[in-house]
Amino acid sequence: MINCPKCGYSLEGLPEVHVCPECGLDYYGETLCLEFKAHSDSWRTIALTVVGTSWIALVPAYRAQSYWKLVFLLWLFAVVFRIIAHMYRSMPENQGEFIVDRKGIRMSRPKRGSKFIAISIIKRANYSIWTGRLVLFGHDAQKLLSIQYWELGGQANAKKCAQRINSLIVAKQSLDSPGGINDSS
Ligand SMILES: [Zn+2]
């Protein structure tokens, strides 16, 4: 790891397990640092989408067929839904940090408190595009954590998280198994 995953400060020459001298992030090997937040460009995207599709609102005035009124209502509903969803996602309760390293997963949301899940108690991580959820399963198949993709700033991040967590689980298992490579830490 060359740069701090949180602030970008150069970590060259620093040990693999340490605290970033710039922002205070304590890291352990390759660290994935994500923010809990909705897409930063969402308001712009929403505005562009609404403007780009606003012709739908004008059609009922020129076309007599009543289904255009239905199309317009559906459009209006979608716009309102999207705005409310983004307002909800942008609430301070949904902001914070999500950090994945060799110790485990650390989540902290100032308004909701923090939580730590050790890699050793996770059996697997799964991200489903159908449910939009990143779910961590424990060894007894119980759900340790279930979060929505938007909480992590999008599908790509949620997917990356699941992959990283799974590869950490595999790395941990090969360390723990007899005959596996042992490190002194
Ligand atoms: Zn830093």
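**Stop one: two helices**

Helices H1 and H3 are roughly antiparallel to each other. To see it, select residues 42–52 for H1 and 67–89 for H3: the axes come within 11 Å and cross at roughly 175°. Keep in mind as you go that this is a predicted model.

Now show side chains where the two helices meet. On the H1 side, pick Ser 42, Trp 43, Ile 46 and Val 50; on the H3 side, Val 79, Arg 82, Ile 83 and His 86. Sorted by class, this contact has 5 nonpolar, 2 polar and 1 charged residues.

Next up is an open sheet of 3 strands, ordered S7-S8-S9 with antiparallel pairing. S7 and S9 (143–148) are the edge strands, each with a single partner, so one side of each has no neighbour in the sheet. From one strand to the next, the twist averages 10°.

Select S7 (122–128) and S8 (133–138), which pair over 6 bridges. Click on Tyr 127 and look across: its bridge partner in S8 is Leu 134. Leu 134 also stands opposite Ile 147 in S9, and S8 and S9 are joined by 5 bridges.

In the hairpin of S7 and S8, 4 residues sit between the strands, and Gly 132 takes a positive phi near 70°.

**Last stop: the helix across the strands**

Finally, select H4, residues 155–176: this helix lies across S7 and S8, running at about 160° to S7.

How values were computed. Residues numbered from 1 in each chain as written. Predicted model: local features only at pLDDT ≥ 70, side-chain atom pairs only at ≥ 80, totals over all residues. Axes fitted to C-alpha atoms, helices over the stretch in contact; angles between N-to-C directions. Parallel < 35°, antiparallel > 145°, perpendicular 65-115°, else oblique. Contact = placed C-beta atoms within 7 Å. Nonpolar A, V, L, I, M, F, W, Y, C, P; charged D, E, K, R; others polar. Pairing = 2+ DSSP bridges.
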